[in-house]
Amino acid sequence: GSSTAAAAGQQVSQAECAGPKRPQKEPLRRLKTKESRDKRGDVHGPSNVYVQVVGAGSRDSNASLYVFSEYNRYLFNCGEGTQRLMQEHKLKAARLDNIFLTRLSWENVGGLSGMILTLKETGVPECVLSGPPQLVRNCRTFDRRLL
């Protein structure tokens with residue numbers, strides 16, 4: 001796969017971190033959302049954006065945020081236990097479009113390898129991973145250790 005440089009760091013495709021691909025589901029949600037936006041003539045983006053604190057950064061959970069609208073879903077940081085907290089808050093990992101890592105520390109990436117495997121197993125067609133420049137190297141390490 002290929003990576004592209006972003007203003008704040010590196011973007012890595014899910015495929016680069018998750019290794020060999022298995023047949024993936026059709027990204028129908030994205031297509032339907034885009035079609036409905038086109039029909040309404042909505043070129044400005046979402047009318048409402050919501051933020052939910054997944055982990056508050058306490059000793060039991062690392063800081064992470066789930067930001068979502070009718071079009072996209074973003075996760076900021078993916079520390080250890082983030083998937084469990086998302087389940088407790090009834091947030092579905094399979095609907096994620098983007099994961100942003102603010103820095104490469106265990107508090108922010110401890111649950112990333114498990115999240116990548118979950119996304120792969122649930123057939124998520126694409127989830128963009130963005131973060132600091134060292135992200136590409138770390139994802140290659142995940143690739144070797146996970147698969």
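These are my notebook entries on a predicted model, taken one topic at a time.

**Overall layout**

I began with the secondary structure. The chain has six helices and seven strands, and from the N terminus on I read the order as β-β-α-α-β-β-β-α-β-α-α-β-α. Next I looked up burial: 40% of the 147 residues count as buried. I also checked how far apart in sequence the contacts reach. Among contacts with a separation of 6 or more, 65% are between residues 24 or more positions apart.

**β4 and its partners**

I went to β4 and looked at both of its pairings. With strand β3 (residues 50-55), β4 pairs in the antiparallel sense over five bridges. One of the pairs I noted there is Val 51 with its bridge partner Val 67 in β4. With strand β5 (residues 73-76), β4 also runs antiparallel, joined by four bridges. Here I noted Tyr 66, which stands opposite Leu 75 in β5. The link from β4 to β5 is a hairpin through four residues.

Is β4 mostly covered or open? Mostly covered: I find four of its five residues buried.

**The largest nonpolar core**

I then asked which residues of the largest nonpolar core touch the most other members. The core has 22 residues, and the answer is Tyr 66, Leu 75, Met 86, Ile 99, Leu 112 and Met 115. As for where the core comes from, β4 (64-68), α3, α5 and α6 each supply at least two residues. Helix α5 gives the most, with four residues.

Setting aside neighbours within four places in sequence, I find Ile 99 in contact with Leu 75, Leu 112, Met 115, Leu 119, Cys 127, Val 128, Leu 129 and Ser 130. Of these partners, Leu 75, Leu 112 and Met 115 are also on my list of core residues that touch the most other members.

**Helix α5**

Which residues of helix α5 (residues 112-121) are buried? I get Leu 112, Ser 113, Met 115, Ile 116, Leu 119 and Lys 120. Looking down the axis of α5, I see that these buried residues fall within an arc of 160 degrees, so they line one face of the helix.

**Salt bridge**

How many salt bridges does the structure hold? One. I traced it to Glu 88 and Arg 84, whose closest N and O atoms are 3.0 Å apart. Both residues sit in helix α3 (residues 82-88), and because they are four residues apart they are separated by about one helical turn. I checked accessibility too: Glu 88 counts as exposed at 51%, while Arg 84 is partly exposed at 41%.

**Cysteines**

I looked for disulfides and the count came to zero.

I noted two residues here. Asn 77 has a positive phi of about 70 degrees although it is not a glycine. I find Asn 77 in the loop between β5 and α3, where it counts as buried at 9% relative accessibility. Lys 90, also not a glycine, has a phi near 60 degrees. Lys 90 lies in the loop between α3 and β6 (98-100) and is exposed, with a relative accessible area of 72%.

**Asn 138**

My last entry is on helix α6 (residues 135-146), which holds Asn 138. Is Asn 138 buried, partly exposed or exposed? Partly exposed, I find, with a relative accessible area of 24%. I also took a C-alpha distance: Asn 138 and Val 109 are 29 residues apart along the chain, and their C-alpha atoms are separated by 10.0 Å.

Technical notes. Residues numbered from 1 in each chain as written. Predicted model: local features only at pLDDT ≥ 70, side-chain atom pairs only at ≥ 80, totals over all residues. Heavy atoms only, no water. Salt bridge = Lys/Arg side-chain N within 4 Å of Asp/Glu carboxyl O. Buried < 20%, exposed > 50% of the residue type's maximum accessible area, 1.4 Å probe, protein only. Arc of directions from axis to C-beta. Core = buried A, V, L, I, M, F, W, Y, C linked by side-chain atoms within 4.5 Å. Contact = heavy atoms within 4.5 Å. Disulfide = S-S within 2.5 Å. Pairing = 2+ DSSP bridges.
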